[in-house]
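Here is a short report for a reader who is meeting this structure for the first time. Look over the sequence and the model, then read on.

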Amino acid sequence: MSSIARFWLIRHATVDGPRGVIHAPEAPADTSDVAAFAALRNVLPLAPAFCSPARRTRETAIALGLDPTIAPAFREQDFGAWTGRRHDDLAAEMGDAYRAFWDASASNRPPGGESFVDQIARVRNGLQELPDGDVILVVHSGTVRAALAIALDITPDNALRFVIDPLSLTRIDRLDTGWRIVAVNRHASARG
């Protein structure tokens, strides 16, 4: 008997706060776009939902009418000492060292943080724990890219090329024989 898991990955809503910041887990979501939430809600199945421990994923899930289970495996990449800092400030302080980090950002670790490669391993473990059937994940752009790296069996550097917009839907299916990509960075329309 075959089994299929259909993962509906939603990136959280835009952070309700300053731009250009490596946001901390307590950064809130802007849930004011009622039409976008309604359109996205209309395409989601009735299914168990999970979100990262971050406030913005919980608030997005709740605005979608979901009752999510907190799943630490799906949190955003940990930027350690850089969390809460502005990119411009870090670049001014660190100069070439900061630019060098982003030249190889998949494998580099910020001070006290984790690399994107580390995040992929964490997300892989999390996906293995999820049941078959439809599962909704309200997560971060890095988490979605990590899931795509796993499903497509591509390098972490190549997975970082995906654009994952706020409130976008990415759907990947885990089959007995491998993975299937159904949608990436799709936006639900008001027409359904």
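## The largest pocket

α4 (96-103) and α6 (141-152) each contribute at least two residues to the lining of the largest pocket. The model is a predicted one. Among the contributors, α6 gives the most, with 3 residues. The volume of this pocket is about 790 Å³. Its lining counts 35 residues, and those closest to the centre are Ile-22, Arg-56, Glu-76, Phe-79 and Ser-141.

Rolling a probe the size of a water molecule over the atoms shows where space is left.

## Helix α6

α6 deserves a section of its own. Start with its length. The helix has 12 residues, and at 1.5 Å a residue they should span 16 Å. The end C-alpha atoms of α6 are 16 Å apart, so the two values agree.

Is α6 mostly covered or mostly open? It is mostly covered, with 11 of its 12 residues buried. The buried residues include Ser-141 at one end of the list and Ala-151 at the other, with Arg-145 also among them.

What do the buried residues of α6 pack against? Their partners are β1 (5-11), α5 (116-129), β4, α7 (156-159), β5 (169-175) and β6. That list holds both strands and helices.

## The sheet

The strands come next. 6 of them form an open sheet, in the order β3-β2-β4-β1-β5-β6, with mixed pairing. At the edges lie β3 (69-70) and β6 (178-186), each of which pairs on one side only. Strands of a sheet pair through backbone hydrogen bonds, either parallel or antiparallel.

| Strand pair | Direction | Bridges |
|---|---|---|
| β2 (49-51) and β4 (133-139) | parallel | 3 bridges |
| β1 and β5 | antiparallel | 6 bridges |
| β5 and β6 | antiparallel | 6 bridges |

Ala-49 stands opposite Ile-136 in β4. Arg-6 has Asp-173 in β5 as its bridge partner. Leu-175 is partnered by Gly-178 in β6.

β5 and β6 make a hairpin, with 2 residues between them. β5 has 7 residues, and 6 of them are buried, so the strand is largely enclosed by the rest of the structure.

On β6, pick out Val-184. Leaving aside neighbours within four places in sequence, Val-184 is in contact with Leu-148, Phe-162, Ile-164, Leu-169 and Thr-170. Leu-148 is one of the buried residues of α6.

Most residues other than glycine have a negative phi.

Asp-153 follows α6 and has a positive phi, near 55°. Asp-153 sits in the loop between α6 and α7. Is Asp-153 buried or exposed? It counts as exposed, because its relative accessibility is 70%, and the cut-off for exposed is over 50%.

Leu-167 also has a positive phi, near 60°, though it is not a glycine. Leu-167 belongs to the loop between α7 and β5. Leu-167 counts as buried, because its relative accessibility is 13%, and buried means under 20%.

A further loop residue is Ala-54, between β2 and α2 (55-63). Ala-54 is buried, with a relative accessible area of 6%. Which residues does Ala-54 touch, not counting those up to four places away in sequence? They are Pro-25 and His-140.

Ala-54 and Glu-26 are 28 residues apart along the chain, and their C-alpha atoms are separated by 6.1 Å. Val-184 and Ala-54 are 130 residues apart along the chain, with 22 Å between their C-alpha atoms.

Notes: Residues numbered from 1 in each chain as written. Predicted model: local features only at pLDDT ≥ 70, side-chain atom pairs only at ≥ 80, totals over all residues. Heavy atoms only, no water. Pairing = 2+ DSSP bridges. Helix = DSSP H or I, 4+ residues; strand = E, 2+ residues; numbered from the N terminus. 1 Å grid on protein atoms, 1.4 Å probe; cavity = no way out; pocket = protein on both sides within 12 Å on 5 of 7 lines; lining within 4 Å. Points joined across faces, edges and corners; volume = space filled by probe spheres on them. Expected span 1.5 Å × (residues − 1). Buried < 20%, exposed > 50% of the residue type's maximum accessible area, 1.4 Å probe, protein only. Contact = heavy atoms within 4.5 Å.
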